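Q: I would like to learn how to read a protein structure step by step, beginning with a pair of charged side chains. Could you take me through it slowly?

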Amino acid sequence: MAIKAYDPENIFAKILRGDIPCTKVYEDDHVLAFNDIAPQAPTHVLVIPKGAYTSYDDFALNASDAEIIAYTRAIGKISEAAGVIEDGYRLIANTREHGRQDVPHLHVHILGGTKLPLMLPKA
């Protein structure tokens with residue numbers, strides 16, 4: 001299956017260009033992280049790569065080793081800085097239609113600061 005082409009007009013691309021403001025919590029050469037504008041938990045940070053990747057599979061298959069390492073390490077640094085490591089947190093990366101991805105730019109949600117409900121109902 002081919003990965004859908006990247007849309008440079010998605011909201012995260014606009015944030016990366018500075019067209020739309022964000023409340024930045026972390027930035028390096030490869031990663032930008034900011035608070036979600038509609039938080040679902042006391043801590044709700046979005047972590048995006050600066051490269052044009054639509055989803056985690058696109059990123060894993062096409063990003064450079066430097067980008068992958070920076071992204072992974074940034075998630076750890078941000079989680080630590082947010083104070084959610086000790087009690088726990090959730091990482092979510094929604095992908096395409098069935099995964100309920102709203103923005104077609106890879107992003108991981110870091111959610112924490114409270115005991116979160118089950119992600120899916122028990123079978």
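A: Let us begin with one pair, keeping in mind that this is a predicted model. The general idea is that side chains of opposite charge can pair when their charged atoms come close. Here K50 and E27 form a salt bridge, and their closest N and O atoms are 2.8 Å apart. K50 sits in the loop between strand 3 (43-49) and helix 2 (56-62), while E27 belongs to strand 1 (residues 24-27), so this pair ties together parts that are 23 residues apart in sequence.

Q: Which residue forms a salt bridge with D57, and how far apart are the closest N and O atoms?

A: The partner of D57 is R96, and the closest N and O atoms of this salt bridge are 3.1 Å apart. Since R96 lies in the loop between strand 4 (89-92) and strand 5 (108-112), whereas D57 is in helix 2, the pair ties together parts that are 39 residues apart in sequence. R96 is partly exposed at a relative accessible area of 29%, and D57 is partly exposed at 27%.

Q: Now I would like to turn to the nonpolar residues. How many residues are in the largest nonpolar core, and which have the most contacts inside it?

A: The general idea is that in soluble globular proteins, nonpolar side chains tend to be buried together. In this model the largest nonpolar core has 17 residues, and V31, V47, Y71, I78 and I110 are those with the most contacts inside it. At least two residues of this core come from each of strand 2 (31-35), strand 3, helix 3 (65-82) and strand 5. Helix 3 gives the most, supplying five residues.

Q: Which residues does Y71 touch, if those up to four places away in sequence are not counted?

A: Leaving those neighbours aside, Y71 touches V31, V47, I48, P49, Y56, F59, L106, H107 and V108. There is also a second, separate core of seven residues, which includes F12, I15, L46 and V103.

Q: How should I describe the protein chain as a whole, and what pattern does it follow along the sequence?

A: One can start with the helices and strands: the protein chain has three helices and five strands, and read along the sequence they follow the pattern α-β-β-β-α-α-β-β. Next comes overall size: a compact globule of 123 residues would have a radius of gyration near 14 Å, and the protein chain agrees with this because its own value is 14 Å. Of the 123 residues, 36% count as buried. Finally, among contacts between residues at least 6 apart in sequence, 55% join residues at least 24 apart.

How values were computed: Residues are numbered from 1 along each chain as its sequence is written. This is a predicted model: local features need pLDDT of at least 70, side-chain atom pairs count only at pLDDT 80 or more; totals for chains, interfaces and linings use all residues. Side-chain values use heavy atoms; hydrogens and water are left out. A salt bridge is a side-chain nitrogen of Lys or Arg within 4 Å of a carboxyl oxygen of Asp or Glu. Helices (H or I, at least four residues) and strands (E, at least two) are DSSP runs, numbered from the N terminus. Buried means under 20% relative accessible area, exposed over 50%, partly exposed in between (1.4 Å probe, protein chains only). A nonpolar core is a set of buried Ala, Val, Leu, Ile, Met, Phe, Trp, Tyr and Cys residues joined through side-chain atoms within 4.5 Å. Contact means heavy atoms within 4.5 Å. The radius of gyration is taken over C-alpha atoms; the globule rule is 2.2 Å times the number of residues to the power 0.38.
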